[in-house]
Amino acid sequence: MFIINHRSFFFWLTGLILAAAIGAIAAWGLPLGIDFKGGTLMQVGYANDRPDVATVETELSVLDLGAVSVRASGDSAVAIRTRTLTPTEHESILTALSENANTTELSYTSVGPALGSQFTNKALWAIAAVILVIVLYIAFAFRKVPPPVPGWAYGITVVAMLAIDIIVPAGFFAAYVHYTGAEVDSLFVVALLSLLGYCVNDVIVIFDRVRENLAKSLRENTKEPFEAIVGRSISETFTRSVNTSLTVVLALIALIYFGADSTRNFALVMLVGVVAGTFSSIARSAPLLIPIARWLNKR
Amino acid sequence: MTRYRVFAVIALLAGFFLAYFAWTTEANPLSQYRFKFGLDLAGGTELIYKADMSGTPEADRKDALAALQGVIERRVNLFGVAEPLVQTEEESTLAGITEDRLIVDLPGVTDINAAIAALGATPTLDFRLIGTADVGTSTQTVYLPTGLTGRYVAGATLGFGSGATSGLTSPEVILNFNDEGAQLFEKITSENIGKQLAIFLDGQPISAPVIQETIPGGKATITGKFTATEARDLVRNLNFGALPVPIELESSSAVGPTLGGKAIADGVTAGIIGFAIIAIFMVAWYRLPGLIAAVALAEYLVFMLAVIKVIPITLTASGIAGLIISVGMAVDANILIFERTKEELRKGEDSREAVKVGFARAWTAIRDGHLTMIISGIILFWLGTSIVQGFALVFVLGVLASFISAVSLSRVFLLAIVPEKGQGIWKFLLISGFHKH
C-alpha cells in the first residue's frame, strides 16, 4: 500500500500543512465577530450609486461611536461594525447615511458584551465536549478489537487527528479573513463542530475495516502483519472515502456558488475542512496506528 | 422477492404522497403546514431581553418570568404583529448563575427602534415601605420592598381628585389589584399604619402617601405630580401590564424583507443544483444502484420536507445549509453499501447475494458513523443561539432520516429489482467505477 510505505512522507506533509495553518492563525489571528465580543453589525443598501467607503466613514465620523469599520458588501450595500449601540445611536447612523443618498437598512444585529462572552465559553466547551464524547464512544465501540492496538488507542488516534482537522480549516479561515475582512461568527463554530462529526465518520469507516480484517486474520490465522492489514484496509475503503467526500464537496460547492450570502463563509470553511479531513483520515489516521502499535509492543 | 416488490411499491407511493403533501400545502396560502421561515429569511425583528431577577426571591422567579412573558405578549399584540413569538429561556451559566431571558420575535417588523420603544415603555411598578436604618452615626432613609409589584395589578383607571394645595382637580391613577394583590395590599396596610408606603415607577419614587388605615378591596390611588397626559399614559401602560421585574435589552437584530427573500431563493437554487449534481454523479459512477440511491435520496428529501412542515421546524438560512449538507452525507451510507456490494461481486457472489452481504457488512460502519454525527449535532443544539439551533435540528433529523433511507429504502429497492442468480447484465449494472472487472 502506497500510503503505508510512504507514511513518513505523509507525516511530514501533514506537519507542513499544520505548520502553515498554525502560522496563518498566529500571523493574522482570528478576529472574533459580534457573536463573541458583543457589538453591532448593520448592512445598509443604496438604491442608486453606492458611495466610497471613505465617504461613508466621513459621514459617520461626526457621530461619537468609537471605532467604526465600514466595508463594501455585495454590489450596492455597506456593512458597518461598531460597538453595541443604543437605539438612539442606531437612529443617528441611519439619519447620517440617508442625508445624501437613498438608503434602506437591510439588516441590523446588536449583541451585548455579556451575551457574547457567554457564547464564546459555550462554544469552547461544546468543541471540547464533542471531542471527548467521540473518544469515549470510539473506545467503547472498539473495545473488543483484536490486538495489537487496544480500543482506547483508536480513540486517542482520532483525537490527535480531529485536533488537526479543525486547525487546518481554522488556519485557512485566518488567511481568508486577512484578505476579505470577514469575521469569526457563530456559523464558524457550527462549521467546526459539524466537521468534527463528519471527519470522525470518515475515520470510523477505515477503522471499522481494520477491525474487520484483524478479526478475519485472527480467525483464519493468516499471520498477516499489522502494517499490511492497515494498508489493505485503507485501500479497500479508498474509493468510498473519496466518493463520499466528493458528494459532500459537490453539495458545498452548490452552496458556495448559489446559496445564501449568510452561509457562504460557512460553506467555504466546511469545504476546506472536508477536503483536509478526507486527506487526513486516509493518509494519517490509520497509518498513525502503526507507530502506536510499535510503541506499545516495545513496552 | 415479491415481498420486497410490495415494500418497494409502498415506499414509492409513500414518497409520492409526501411530495404531493409538500407541494399542495405550500401552494395553498391558508394551509397550516406551510414552511415557517425564521426571521433571517422572512424578515423581522428579534429582541432578547435579560430579566433582572436580583430583587426577586429564588422561589418566585419562575412565576415572575411567566408573568413577564404574559405582559410582553399583551404588549406585542397591541403592537400589531401577525405571528409574534415570545419565549422565555432559563440558562445556568458555568459559574452557577441562572440567567433568565425573554426572546421576542416580531416577524415583518423592520423598524427595530420603534419596536424597542414600544416594548421598553412598559413600566415597572413596585411598592416599598419607608423606614430608617442606622448607618454608622447617621440615620438614613431606606426603602424596604414589600413584595407588592406590578405583577399583582389587574388594571388601572384614570381619575381626578381634588388637588390638596391648588384646589384644582388633579389627575390620579387608580390601581385595581388582583385577588392575591388585594390580600397582600390589605396585609401591608394593616400592619404598617402610620408609615409611609412609597410607590416606585421604573425605579423612581413617584409618591409616598402615609398609610391612614387598613385598605381592603384591592384599590389603591396614586396621586403624584402628574400632568393629565402623564397620568393617561401611565394608565394605558399599566393596563398593558406593568412589568413584574425590570428587563434590559441584551441583543437585538432585524432583517429587511429583501435580504431574506433573496436568501430563500438562493437556498432553494443551491439545494436543487446540489441535489442534481449528486444524483448525476451517483448514476454515472454506480449505475443501477446509483439510480436507486438517487430515488432513495429524493424520498429522503420529501420526507425531510414533510417532517419540517409537520413539526414544524422554523427554517433559517443555516437550517437550509444543514439540509443540503445532510443530503451530501445521506449519500455516504449508500456509497458504503454499494462499495461493499461491489467487493462481494468481485469475489464471484451472485448479484442478489452480493447486495444482501453488502448491506450486512456496511452496517457497523454506518451505525458508528451516524451515531457520532448525531452526538455532535445534539451538542450543537445545546450551544443555543437560534442560528446554531436552526442548523443543528435539521442536521440531526437529516442524519437520522439518512440512516433510515439508506438501510431500508435503498435495500428494499435493490432487492426488489435484482433477480436471483443475476448474471451478465445485472453484474454490469451493479459493478461500478472505472476498474477492470
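What pattern does chain A follow, read along the sequence? Chain A reads α-α-α-β-α-β-β-α-β-α-α-α-α-α. Keep in mind that this is a predicted model.

Let's start with chain A by itself. Its secondary structure comes to 10 helices and 4 strands. The radius of gyration of chain A is 24 Å. For 299 residues, the globule rule gives 19 Å. The value for chain A is well over that, so the chain is more spread out than a compact globule. Along the principal axes, the C-alpha atoms of chain A fill roughly 85 × 35 × 30 Å.

Take helix α2, residues 7-28, and helix α10, residues 264-298. Their axes come within 10 Å and cross at roughly 115°. The crossing of α2(A) past α10(A) is left-handed. Who makes the contact? From α2(A), we have A:R7, A:F10 and A:T14. From α10(A), we have A:S280, A:A283, A:R284 and A:P287. By class, that contact has 3 nonpolar, 2 polar and 2 charged residues.

Next, chain B. How many residues of chain A are in contact with chain B? The count is 58 residues of chain A, against 61 residues of chain B. On the chain A side, α5, β4, α6, α8, α9 and α10 each supply at least two residues. Helix α6(A) gives the most, with 14 residues. By class, the chain A side has 34 nonpolar, 19 polar and 5 charged residues.

Strands take part as well. Strand β4(A) is joined by 5 bridges to strand β12 of chain B, residues 247-255. These two strands run antiparallel. Look for A:S107, which stands opposite B:V255 in β12(B).

Last stop: a helix pair across the two chains. Helix α9 of chain A, residues 226-258, packs with helix α7 of chain B, residues 257-310. The angle is about 150°, and the axes are 8 Å apart. That angle makes α9(A) roughly antiparallel to α7(B). The crossing here is right-handed. On α9(A), the contact residues include A:L246, A:L250 and A:F258. On α7(B), they include B:I273, B:F281 and B:W285. Altogether, the contact of α9(A) with α7(B) divides into 12 nonpolar, 4 polar and 1 charged.

To recap: chain A is more spread out than a compact globule. Chain A touches chain B through helices and a strand, β4, among them. And α9(A) lies roughly antiparallel to α7(B).

How values were computed: Residues numbered from 1 in each chain as written. Chains lettered and ligands numbered in written order. Predicted model: local features only at pLDDT ≥ 70, side-chain atom pairs only at ≥ 80, totals over all residues. Axes fitted to C-alpha atoms, helices over the stretch in contact; angles between N-to-C directions. Parallel < 35°, antiparallel > 145°, perpendicular 65-115°, else oblique. Left-handed = near helix turned anticlockwise from the far one by under 90°. Contact = placed C-beta atoms within 7 Å. Nonpolar A, V, L, I, M, F, W, Y, C, P; charged D, E, K, R; others polar. Pairing = 2+ DSSP bridges. Rg over C-alpha atoms; globule rule 2.2 N^0.38 Å.
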